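Subject: Structure handover

Hello,

Here is the structure you asked for. Please open it beside this email; my notes on its pockets and its cavity follow.

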Amino acid sequence: MRLLDVSALDLSRADLSAADLAMALMTQTVLRNAKLVGADLYRAHLEGAVLDEADLSSASLVKAELDEASLRGATLDGADLGSASLWAVDARSARLRAAKLDGASLIDIKLEGADLTDASVRETSLKAVLDEHTVVQGLTGTLFGPAMIDHADVRREIDGLELERWLNSRGATVRVLTPRSGAITYYAKFSEGYSRSNPQGIVRRRIVNGVAHDEAFTRNLRWEPTEYLRLYELGHNEVDRVEISEAEAVTFIEEVTGQTT
């Protein structure tokens, strides 16, 4: 299947509502004031794209790459940004009401004046710039800091309980997690004919500076990136999983490498 490539084109004011743009190449595309209501942008490449004042209400941006994009004044009400990457994004005055930000990486993102009313976060990296005009009423879930608070043009970094209190005093109900740098959780994959002691394969999740890195032990006899855990969390659970110990993971690896040598 040939992917749509509109990189660097000017599509300002285009109406792409409900369009299938999954995995589209839209790097540095100008979509200022465009309509993308309900569009499917799963894993779309929007690095450096200009989406100022665009309407992405109810759009699917799961695993989309939005690094260094501009979303100033954009509307993302009800949008799903699960596991999306938004590094160095300018989202000042953007609307993200009831948006799903579960597992997203919002790192070095500008959210001054943004509206996150009723948005959800789950193990979300919210290393953002916030200010007194950032609305977090009804924001729920768990997140990793630290955040930068801009008050009267003076910025101050806060994290942990201080960040939690700052958000919750403004109507949020969130818990700020403490990063366990290097912490690893192992899982065995199994379906019919397999079990915990005889798994189909193993995967692991490493937490580094609050960001999850998922890897599977592959046929190449090494740990390589995988989407399995994220897809499982999104409901694609045809292949089940169970948490296992590090010792069980080591045993599996030794058996596999022994069989192939």
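Which elements each supply at least two residues of the lining of the second largest pocket? They are β2, β7 (183-190), β8 and α2 (228-233). Please keep in mind that this is a predicted model.

The second largest pocket holds about 460 Å³ of space. Its lining has 21 residues, and those nearest the centre are Arg 122, Glu 123, Arg 205, Arg 230 and Glu 233. Sorted by class, this lining has 7 nonpolar, 5 polar and 9 charged residues.

Next, the largest pocket. The space in the largest pocket is about 570 Å³. There are 26 lining residues, with Lys 63, Glu 65, Ser 83, Ala 212 and Arg 230 closest to the centre. Two or more residues of this lining come from each of β2 (120-131), β8 (201-208) and β9 (211-217). The largest share belongs to β9, which gives 5 residues. By class, the lining of the largest pocket splits into 8 nonpolar, 9 polar and 9 charged residues.

Last, the cavity. The count is 1 cavity of 30 Å³ or more, and the volume of the largest cavity is about 40 Å³. Its lining consists of Leu 71, Leu 76, Leu 81, Leu 86, Ala 91, Leu 96, Leu 106, Ile 109 and Leu 111. That makes 9 nonpolar residues, with no polar and no charged ones.

Regards

Methods: Residues are numbered from 1 along each chain as its sequence is written. This is a predicted model: local features need pLDDT of at least 70, side-chain atom pairs count only at pLDDT 80 or more; totals for chains, interfaces and linings use all residues. Side-chain values use heavy atoms; hydrogens and water are left out. On a 1 Å grid over the protein atoms alone, a cavity is a set of points where a 1.4 Å probe fits but cannot get out, and a pocket is an open set with protein on both sides within 12 Å along at least five of seven lines; lining residues have an atom within 4 Å of a point. Grid points are joined across faces, edges and corners, and a volume is the space filled by probe spheres set on the points. Helices (H or I, at least four residues) and strands (E, at least two) are DSSP runs, numbered from the N terminus. Ala, Val, Leu, Ile, Met, Phe, Trp, Tyr, Cys and Pro count as nonpolar, Asp, Glu, Lys and Arg as charged, and the others, Gly among them, as polar.
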